[in-house]
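Work through the exercises below with the sequence and the 3D view side by side. Try each task before reading its solution.

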Amino acid sequence: MKLFHELVEELEATRSATAKKDILLNNNNKTLQSILRHMFDKSIKFGIKKMPKWTPSDDPEELSTSNVNLEMRKIYLLYEDSVAKMDPHKTERIVVRMLESLHADDAKMIEKLIMGKLKISGVTEKLVRETFPDLLPKEE
């Protein structure tokens, strides 16, 4: 299984929307769908306004303490509602542990996701809606 940053690199190296769609379908799993939902569902709001300092892991690929699949299961802890109920130090510890447990390149992408800045060249809301019609809420 590819690391998340490897999938992003493959998507960004591909020019055709049809080929990008095929890549998404061939790598379809709950984690990918969750990431795409977090990228494009405007109802999902993170409560992190400023990213705490963290140290990127120097573990070799695929030997990190954790992976994106496991960490995305905990992403709800960083939603606006959850963060509002938590001590700020606890929230910071959750973010730091999450990012430091991942391969450095994956962690940087998850950091961008949390900050609402994750962009994958050519992967648009339109493409995601065409590829996974039931993934995002209906447009109004």
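**Exercise 1: The overall fold**

The protein chain holds eight helices and zero strands; helices (H or I, at least four residues) and strands (E, at least two) are DSSP runs, numbered from the N terminus. The model is predicted: local features need pLDDT of at least 70, side-chain atom pairs count only at pLDDT 80 or more, and totals for chains, interfaces and linings use all residues. Residues are numbered from 1 along each chain as its sequence is written, and side-chain values use heavy atoms, with hydrogens and water left out.

Task: describe the order of elements and the overall dimensions of the protein chain.

Solution. 
- Step 1. Read from the N terminus: the order is α-α-α-α-α-α-α-α.
- Step 2. Compare the radius of gyration with the globule rule. The radius is 15 Å, close to the 14 Å that the rule gives for 140 residues, so the chain is as compact as a globular protein of that length. The radius is taken over C-alpha atoms, and the rule is 2.2 Å times the number of residues to the power 0.38.
- Step 3. Take the spans. Along its principal axes, the C-alpha trace covers about 45 × 40 × 20 Å.
- Step 4. Check burial. Of the 140 residues, 45% count as buried (under 20% relative accessible area; exposed is over 50%, partly exposed in between; 1.4 Å probe, protein chains only).
- Step 5. Check contacts (heavy atoms within 4.5 Å). Among those between residues at least 6 apart in sequence, 76% join residues at least 24 apart.

**Exercise 2: α7 and the second largest pocket**

Task: which residues of α7 are buried, and what covers them? Then, which residues lie nearest the centre of the second largest pocket?

Solution. 
- Step 1. List the buried residues of α7: A104, D106, A107, M109, I110, L113 and I114.
- Step 2. Find their cover. It includes α1 (4–13), α3, α4 (68–72) and α6.
- Step 3. Go to the pocket. Its lining has 15 residues, with H38, M39, L113, G116 and K117 nearest the centre.
- Step 4. Assign the lining to helices. α3 (30–40) and α7 (104–114) each supply at least two residues. α3 gives the most, with three.

Key
1 Å grid on protein atoms, 1.4 Å probe; cavity = no way out; pocket = protein on both sides within 12 Å on 5 of 7 lines; lining within 4 Å.
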